[in-house]
Amino acid sequence: MALTRRSLIGSVAAGSALAALPDLAPTLARPAVAASPPGDVVGKITVGYQGWFSCPGDGAPIGGWWHWSRDRFQPPSPANTTIISWPDMREYAHGYTTAYPNLGNGQPAQLFSSYDQQTVDTHFRWMQEYGCDTAALQRFNPFGDEGPTRDAMAVKVRGAAERFGRKFYIMYDVTDWTAMQSQIKQDWTTKMSAHTASPAYARQNGKPVVCIWGFGFSEPSRPFAPEPCLDVVNWFKAQGCYVIGGVPTHWRRGVEDSRPGFSEVYHAFHMISPWMIWRATTLQGLDDYYTNVNIPDLADCVAHGIDYQPCVMPGDLSAGHRRHGDFYWRHLYNMIRLGSQGLYVSMFDEYNEGNQIAKTSETQATTPAGAGIRALDEDGTVCSADYYLRITADGGKMLKGQLALTPVRPTPPVVGGGPPPSGNLAAGRPATASSQNGPFAAGNAVDSDRGSYWEGTNNAFPQWWQVDLGASHAVNRLILALPTGWEARTQTLSVQGSADGATFTTLAAPAGIRFDPAAGNTATITVPATVARHVRVTVTGNTAWPAAQLAQVEVYAATGSNPSPPTAPGNLSVTGRTATSVSLAWTASTDADGIAGYQVRQGGQTVASVTGTSATVSGLTPATTYTFTVIALDTGGTPSAPSNAVTATTNPTAQTDLARGRPTAESSHTQSYGSANTVDGNPDTYWESANNAFPQWVRVDLGAPTTVGRVVLRLPPSPAWQTRTQTLSVQGSADGTSWSTLVASAGRLFDPATGNQVTLTFAATATRHVRVQVTGNTGWPAGQLSQLEVYAA
């Protein structure tokens, strides 16, 4: 069985972070002449399709729980699993019951089989509905025990693609395929080439498409030398195929995840598609790759007449990378503004690595209870099951020019911005309590199991139980329940709400609430619609047991009687900032039902909830630019349109390198040693000017006038960079034209014994541009710097 691609996460991130989206490097225009015209992969959205799940009883030759379990002959369970995300199962005609606990809603935990034709049809229908143009069907070594199942899956995919008007092609993965050189040719000739007769088989430049993933990777599971790999590429080209290379991230430089010596192999492909899973995990990381890897990658491809199809990814759901869609959209935006010839989405159905775009469990109500699997609302933002398919659709429109290029995600997590699909805001959310008796923990009250319950310490009233809804909502109703078989009792309790978990207001005053098995042992408490993120139930008495008891707490948002949304908040402005916070103010909204409160949004996420017209957003990163908007909520929970957007940059600290990732310029450079290397955070890359031509200079644009007082200059720390003295000065400028001296010219010693670095301090000066001018170097006849770091006074 093939190894998971998760094993490739060891590659280090390229370069360093850009401060924020508005300061990214200038957008490239599309190449004047692309290597190929639009076809089935150029100008299109391609999705990687595994199609590798099977279950006992589905008829698959391989048998067992293929790719669902580590031991495929035992049902998947928390202790025997290969998956980290859970599919939304509502549209599959048939499911297979696992050994996982029941879902949070009490239903059995079932999974689908890719071997069922209805599953493949469902997936390709989704591709049709959400604008996925082409599917790359993964094909691992078919000469082992999975071969017959892989062969059958190719037939099933072909049929579904024909029925739903999609394209598909074969994507060979050579992982652990030691006899690849001869067997891949045999497999294509005797089996897979027959599928090119289908009108659904993808063609580019009139040629059937085939992809080979894995050449040049440095992992032991792909030990191939360049010669057999080049032979295979040229063989497929001789068969009349358009050949795509699924290559390492750092293919162009032949370092890190790439073996050296593969340049000829890489440049033999018609299209290059570098791998990206786990290479970047933050928005900042995506921006780093855009500047330091993707831009030069595309330039190399254009120079060699190769199409460029970068990998884009939604992010690992289990690791919290997704940022409710912002991560995926930033990746799409970066690669489209770059001018990529096509995009490869990794992956469509990769529940094993958590980077699937196919429909996924929305909340803990449809996820196995207590299994630790994150649903789409994992960061507190409610998302519909098809959210990442909808983002893919919008990304495809932007790629094709049907949607304006925009860094702002146009796709709402829930269509129409409506309430969570399950309605119950508390389902599966984090819960806490003032105490618990034995195993009767607070989480039992939100696990959708009426048989489990929370119980406080006995004989110790008052006690409280609390749930974090993840975001603020206009709460107006709670449903409380005890186990159905318990005898009747009355609990004296009240309800409180809070925006921050610290300051609470009373939503329902203390009252005796009757729980009667004749009425299902449930009670409904209606409260005035109040914006709250944290909801607390405080119990001061119980007629049947000397402790607080709750088996289920459901929280619902107000539906509202006024169909018209509030007016948008006006005149949003920045009223203050520190290194870690930004203060905002705005004018009030109006609504016939009244205004319940306001939510401050950043990157689509609610970062503050208040009832007044000002807020301070804390916990921010120094010297980083953020964009904010504000929405209003009426007493029925209806949101307004967003306010105007404002952008603010937090103050720097003395420890913040203000030059990191900023635009640079230079008097000259030699070979590939450009000025951008001085701000990429990598001490081993460097700028080197033209030789024998002093004076030379390199400079950085901080983006705005900033008070600075220190620069750190570095050379590579390797002992190979022997001691040298560079004669240099430091200048500052507000406009990049008129310069003043910050540090006078003098000889500066760079010694590997002390880190090959020089620190220069000077009087605090407000400047936007910082320039280092070099007039001499005892170690090499040129100016040389690996890092130019600038710090606040």
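**Close-up views of a predicted model**

**View 1. A glutamine beside a glycine backbone.** A polar atom of the Gln-341 side chain lies 3.4 Å from the backbone oxygen of Gly-339, a polar contact (a pair of N or O atoms within 3.5 Å; within protein, one must be able to donate a hydrogen and the other to accept it, and residues adjacent in sequence count only if both atoms are side-chain atoms). Gln-341 sits in the loop between helix H7 (326–338) and strand E12 (343–345); helices (H or I, at least four residues) and strands (E, at least two) are DSSP runs, numbered from the N terminus. With a relative accessible area of 7%, Gln-341 is buried (buried is under 20%, exposed over 50%, partly exposed in between; 1.4 Å probe, protein chains only).

A word on the model: it is predicted, so local features need pLDDT of at least 70 and side-chain atom pairs count only at pLDDT 80 or more, while totals for chains, interfaces and linings use all residues. Residues are numbered from 1 along each chain as its sequence is written, and side-chain values use heavy atoms, with hydrogens and water left out.

View 2. Glu-91 belongs to the loop between strand E1 (45–49) and strand E2 (96–97), and Lys-359 to the loop between E12 and helix H8 (387–399), 268 residues apart. Glu-91 is partly exposed at 29% relative accessibility, whereas Lys-359 is buried at 8%.

**View 3. Asp-151 and its two salt-bridge partners.** Asp-151 meets Arg-139 at 2.6 Å, N to O. Asp-151 lies in helix H2 (residues 147–163) and Arg-139 in strand E4 (residues 134–139), so this pair ties together parts 12 residues apart in sequence. Both residues are buried. Asp-151 also meets Lys-191, at 2.9 Å; Lys-191 lies in the loop between helix H3 (180–190) and strand E6 (203–204), so that pair ties together parts 40 residues apart. Lys-191 is partly exposed, at 35%.

**View 4. An open antiparallel sheet.** Three strands line up in the order E21-E22-E25, where strands pair if DSSP finds at least two bridges between them. Strand E21 (570–577) and strand E25 (614–617) are the edges, each pairing on one side only. Five bridges join E21 to strand E22 (residues 582–587), and Gly-570 has Thr-587 in E22 as its bridge partner.

Conventions
A salt bridge is a side-chain nitrogen of Lys or Arg within 4 Å of a carboxyl oxygen of Asp or Glu.
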